[in-house]
Amino acid sequence: MSEKIFMKGSEAIAEAVIKAGCRFFYGYPITPQNETPEYFARKMPLVGGLYLQAESEVAGINMVYGTASAGKRVFTSTSSPGFSLMQEGISYISGANVPVVVANVVRGGPGLGGISPAQSDYFQATKGGGHGDYKLLVIAPSTVQEIVDLVPKAFELAEKYRTVVELLLDGILGQMMEAVEFNYDVKPEDLPTPSWALTGAKGRSKNLILSFNLDPEKLEINNLELNKKYKEIEKNEKMWEEYNLEDAEYIFVAFGTVARIIKSVIEVERKKGYKVGLFRPITLCPFPYEELRKFVPQAKFFFDVEMNLGQMIEDTRLSTLDKKPTYFYGRTGGIVPTTVEIIEQFEKLMKEVK
Amino acid sequence: MEVKPIYTYPKSMEDKVTNYCPGCHHGIVHKLVAEIIDEMNLFEKTIIVWPVGCSVVGYEYFKTDGCIAAHGRAPAMATGIKRANPEKFVLSYQGDGDLASIGMAEIVHAAARGEKITVVFINNTNYGMTGGQMAPTSLPGQKTTTSPYGRDPNLCGWPIRVSELLSTIDGAAYIARAALNKPARITQAKKYLKKAFNTQLKGIGFSLVEFISACPVQWHMTPLKSLERIENELIPYYPLGEFKVKEGVTDVS
């Protein structure tokens, strides 16, 4: 069934969502992810699904909330300023234990910022963008194929834990064309309606979807339950990639697009005889702290590179605990660091450390 | 002679004492909603989206499936529920701060899309739950905790007539305004609401009934004085009646 198709990341994600059995998309136009809703607008009517353009991201995420509360797979995609507008809804959805998958194709900020690729929404994604004690399950793919592979997994995780899963992408992943293979095709009618869904109280007592509790004792219990769930996710669902790490003395830490660039850097440095490797968190939340920490004994230093002014570095340092030097390099505002630039930075560090 | 009950407690409601203040009209509207759900046999397919405001706890008093939307977002959440299951009956229950202020975009666009949902809109000209602040529907001169000298239109503008505004939108199929200050008005209100329910059931489009409602505690009036205020001040500003009746919308006996 699987053949290789040449696809843009922003269209591959939409096709992956449809093939994962999701038939509901709500969204609002924002660059650089418009190809995704446009793909849904073309394809959804052909597969009996719904593409509905919301009046704002604020409304869009609440339409998502409604459809998810009714027990259906639902998806939305946006970019940074739009994701900020969705924080209210995401906080409510998280508090109400409703499964939703959202994609944020990150662009440079703050404010209106620009439309070029960035990773500056790492804090927003991993440290809670909205109000209250909640967390997202954040997945950061690094290739178009990985987007395709992780979309069905994102839905499964969202449903397993009744939680919000965020796919954290950037404009490069969206615009890049790669050959991809789809090895799944879920039929929506094969997806069961969950017992908690709002379907009308026929032959059962009422179902309620709420994030509301005026009694602090009960709200605390609710939040402790949420926290238990996040601990379970942390125990079971961390994903990461170890690349050339067996003998590595110099360990890069990077995610998403930057991780791909680092792989080119590693190729160059390995030829020069340096033992360099890459640790790539795939789940940014839960962050694979212990898994990265395992490399502390063999490392001479860690080098965290990001398209922001230093956000994941805080988690990287919580992993290394500064037991080995842990450096950072970042570009911001929509600038993508080049291979040459990172090589320069790396070799400068090599000299300094010696 | 056989004894027939002429009045029973609505089956769709929980047997509970509400937390609404004496003289508040939420109780009347809850009862009307529940009675019509029973009469039209809609219980098993009804989902109610509750708002932020006094009626945030409405789900406690109904046996139907329900959820609470973020402040003002009930029409968007209701859209998501209805689109997921078009055969269900979806109600959004909202107050005037929720609907006419923070949720103005959501209500206007739900109407514009002709969403096949029904909105129960309580207009009591202030924010009841948060302590009686000025609402977009507060009348000129109305004293509230945030318009302590009376609402000054030069400072903060004029009240919004929601029913008139929404009736200009093509997607709106049925829009009416009712009051609850006299028994005959309650009977009329129920007729409007039933018609709105039927508009959704027939799949014609968006329907909304606005209820001019009393908020005696925050108005600092007795329940009786509140009914007089509705008659003498509110109805002249917010006239009652049907503002939009699209073709196909019919009375329900």
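Visitor: Which hand does the crossing of α10(A) and α13(A) have?

Guide: The crossing of α10(A) and α13(A) is right-handed. Keep in mind that this model is predicted.

Visitor: How do I describe such a pair of helices?

Guide: Two packed helices are described by the angle between their axes and the distance between those axes. Here, helix α10 (residues 256–271) of chain A and helix α13 (residues 339–353) of chain A have axes that come within 9 Å and cross at roughly 60 degrees. That angle makes α10(A) oblique to α13(A).

Visitor: Which residues make the contact?

Guide: From α10(A), they are I261(A), I262(A), S264(A), V265(A), V268(A) and E269(A). From α13(A), they are T339(A), I342(A), I343(A) and F346(A). By class, the contact has 7 nonpolar, 2 polar and 1 charged residues.

Visitor: Let us turn to the backbone. Where are the cis peptide bonds described here?

Guide: Look at two prolines, P110(A) and P286(A). The bond from G109(A) to P110(A) is cis, with omega near 0 degrees. P110(A) sits in the loop between β5 (100–106) and α6 (122–126) of chain A. The bond from C285(A) to P286(A) is also cis, with omega near 5 degrees. P286(A) is in the loop between β13 (283–285) and α11 (289–293) of chain A.

Visitor: What is the phi of N244(A), and where does the residue lie?

Guide: Its phi is near 55 degrees, a positive value in a residue other than glycine. N244(A) belongs to the loop between β10 (240–243) and β11 (250–253) of chain A. It has 17 other C-beta atoms within 10 Å, so N244(A) is partly exposed.

Visitor: And N41(B): buried or exposed?

Guide: Exposed: N41(B) has 8 C-beta neighbours inside 10 Å, and the cut-off for exposed is 12 or fewer. N41(B) is not a glycine, yet its phi is positive, about 60 degrees. It lies in the loop between α1 (26–39) and β1 (46–50) of chain B.

Visitor: Now the interface. How many residues of chain A are in contact with chain B?

Guide: 30 residues of chain A are in contact with 28 residues of chain B. On the chain A side, the elements giving two or more residues are β2 (24–27), β3 (50–53), α3 (57–69), α5 (87–95) and β9 (208–209). The largest share, 8 residues, comes from α3(A). By class, this side has 16 nonpolar, 9 polar and 5 charged residues.

Visitor: Which strand of chain B is joined to β9(A)?

Guide: Strand β2 (residues 65–68) of chain B. 2 bridges join the two strands, which run parallel. In this pairing, L208(A) stands opposite G66(B) in β2(B).

Conventions: Residues are numbered from 1 along each chain as its sequence is written. Chains are lettered from A and ligands numbered from 1 in the order in which they are written. This is a predicted model: local features need pLDDT of at least 70, side-chain atom pairs count only at pLDDT 80 or more; totals for chains, interfaces and linings use all residues. Axes are lines fitted to C-alpha atoms, for helices over the stretch in contact, and angles run from 0 to 180 degrees between N-to-C directions. Helices (H or I, at least four residues) and strands (E, at least two) are DSSP runs, numbered from the N terminus. Angles under 35 degrees count as roughly parallel, over 145 as roughly antiparallel, 65 to 115 as roughly perpendicular and the rest as oblique. A crossing is left-handed if the near helix is turned anticlockwise from the far one by less than a right angle, and right-handed if clockwise. Two residues are in contact if their C-beta atoms, placed from the backbone, lie within 7 Å. Ala, Val, Leu, Ile, Met, Phe, Trp, Tyr, Cys and Pro count as nonpolar, Asp, Glu, Lys and Arg as charged, and the others, Gly among them, as polar. A residue is buried if 20 or more other C-beta atoms lie within 10 Å of its own, exposed if 12 or fewer, and partly exposed in between; C-beta atoms are placed from the backbone. Two strands pair if DSSP finds at least two bridges between them.
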